[in-house]
Amino acid sequence: MSEIKTSADMLFRNGRIYTVNPGRPWASCAAVKAGRFVAVGEESDIEPFVGSDTEVVDLAGRMAMPGIVDIHNHIMMGGQADLYELRFSSSHSISEIAGAVRGAAEKAAPGSWIVGGQFGNDLLQRLNTDAAAAELNAASLGHPVLLRDDSYHNRWASAEALRLAGVTEETENPVDGEIGRDLDSGRLTGLMVEAASGIIERALAKVGHYTAEMDRAAVARSIAVLNSFGVTGFVDAASMQPILAALKGLDDRGELSAWAVCAMPIVEPGFMFGTSGEELFALRDQYRSAHVKPDYAKMFLDGVPGAKTAAFHEPYVADPVRGCCFRGTTMLTVPELIRWLGKCEKLGLAAKIHCAGDAAVTQALDAIEVVRSFNGPTALIHHIAHASYIAPDDIRRFADLGVAADLSPIIWFPTVFLEAHKAAMGAERAQRFWPNRDLKLAGALMAGGSDWPVIPNPDPWHGIEGMVTRRNPAGDFPGLALWPEQALDLATVIEIYTIDAARAAGLGGFTGSIEVGKSADLIVLNQPLFEIPADQLAETIVQMTFFEGRKVYERNHEQ
């Protein structure tokens, strides 16, 4: 009888378990019962939990650690991109993009849409020409084509897609957006910037390009992909009702193998449509479940630097359209942002605020400071998403105000993305990108994420290596390091991807470290992270992923 009460369901033995628990950072064994760790330590610590029915996992000396928490992704869009869309590299030239489109058009059913991505931000000006539009239209073979850029804020559309969306040369720019026109001829080029992207996306949505069944399959596929990289928790950064429904459905069927935290938009994003704001917030408990936690609101405060839609204190490089002193603009005023933050706090929702430019970061911090002065302390942790360009005086304010720095996407090393920033802002300013060490020294809570599918592959190990080396793990831009003084040590970076991300997501009491009472979320690695050169961290392979003590991924020898 005593064995039934005390025996573990599972034992991890003979391992090098990095717990991310400062009280006991390393262990060789861990015991699990009912999805929770009941013992962590050495053989003597787990011996009382050994029973005749206990499953034993021999780690064979391999390193294990807590599951990773991805603080920022788009779970449905990631799966859609993986399953249904045309994919090409952000380093593709216009001709290479056209070639990929032509290949897809030759195979597509008559009249069907071709959807894909992702073209580089550095191409925006070159796409906004008659010549580029002609190349895309010829390649499309008459199909409507919608291509997304590597920021997912901008689109390139064929003439047929523009026609179906009702865009003509007389169509005026929407608020917070721009419809591309050749600077000489004034003709439409198909380039759609920021809010203009939604015009094309809405036309795609109206034809039912993605069905509810496809949406569910996309979310399931995304969870499986994340598990394969060791991710056992995530924050979906723009959760519309279909995403909430898909996640809740998976959990109800016992098929959700990660903690799912949802950030619900205060207004319709340009790439998703449906109920938003307070109307959506009112439905959140309908979708809450054991593992689905709709506890955040999403706010877009500005755009992206490469398209000159992010808001900065200093002006962009002069251009023929915007002139010499353009700094970008924010999409909400400080009073509007204060009102939204107040509403969210009253409802028990933390905010995830998209801020790509340093002026947007300042505005967000200003608004949070005002709300703090009225509401006083709170257990809610607001996020500034893409905390990448930050005015020096604002860095300490993250810690002072209890705001988390959402460090995503995985671009804290030289990339094509950064090249677009250099063109827009000038090289010196552009490279003062991701002040990670300064944030850490200031005591800010930092959390790692992917922003998948903005980053085509949500592999956290590339981000982990990049934060340590400040170099591109893929070997692109060899010899270059991005602001190397901002590098962090490996132990700190692992915390940023595990316990700190869990705390920022409101999951710190459940996961993020291997401790008695926490969810048995554990991953087994192919190499000992602390014993290899830093430039080999991106080669890390997850061999097994466990969520609540259940094996949800195992790598095949053929993979």
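Modeller: By class, the lining of the largest pocket has 18 nonpolar, 11 polar and 5 charged residues. Keep in mind that this is a predicted model. The pocket holds about 760 Å³ of space, and 34 residues line it. If you want to find the middle on your screen, look for Ser90, Val454, Ile455, Pro456 and Asn457, which lie nearest the centre of the pocket.

Now for the elements around it. At least two lining residues come from each of α3 (75-84), β10 (114-119), α9 (212-228) and α16 (416-425). The largest share belongs to α3, with 3 residues.

Most peptide bonds are trans. The bond joining glycine 117 and glutamine 118, however, is cis, with omega at about 15°, and glutamine 118 sits in strand β10.

There's another cis bond to look at, running from tryptophan 452 to proline 453, with omega near 5°. Proline 453 belongs to the loop between β21 (445-448) and α19 (460-469). Follow the chain past α19 and you get to the loop between α19 and α20 (490-497), where arginine 470 is placed. Arginine 470 isn't a glycine, yet its phi is positive, about 60°.

Back to α9, one of the helices that supply the lining. How does α9 meet α10 (residues 241-252)? Their axes come within 9 Å and cross at roughly 65°, and the crossing is right-handed. On the α9 side the contact is made by Asp215, Arg216, Val219, Ala220 and Ile223, while α10 brings Pro242, Ala246, Leu247 and Leu250. Sorted by class, that contact has 7 nonpolar and 2 charged residues, with no polar ones.

The crossing of α4 past α6 is right-handed. From α4 you have Ile94, Ser95, Ala98, Val101, Arg102 and Ala105, and they meet Ala132, Glu135, Leu136, Ala138, Ala139 and Ser140 of α6. The residues in that contact split into 8 nonpolar, 2 polar and 2 charged.

Key:
Residues numbered from 1 in each chain as written. Predicted model: local features only at pLDDT ≥ 70, side-chain atom pairs only at ≥ 80, totals over all residues. Heavy atoms only, no water. Left-handed = near helix turned anticlockwise from the far one by under 90°. Helix = DSSP H or I, 4+ residues; strand = E, 2+ residues; numbered from the N terminus. Contact = heavy atoms within 4.5 Å. Nonpolar A, V, L, I, M, F, W, Y, C, P; charged D, E, K, R; others polar. 1 Å grid on protein atoms, 1.4 Å probe; cavity = no way out; pocket = protein on both sides within 12 Å on 5 of 7 lines; lining within 4 Å. Points joined across faces, edges and corners; volume = space filled by probe spheres on them. Axes fitted to C-alpha atoms, helices over the stretch in contact; angles between N-to-C directions.
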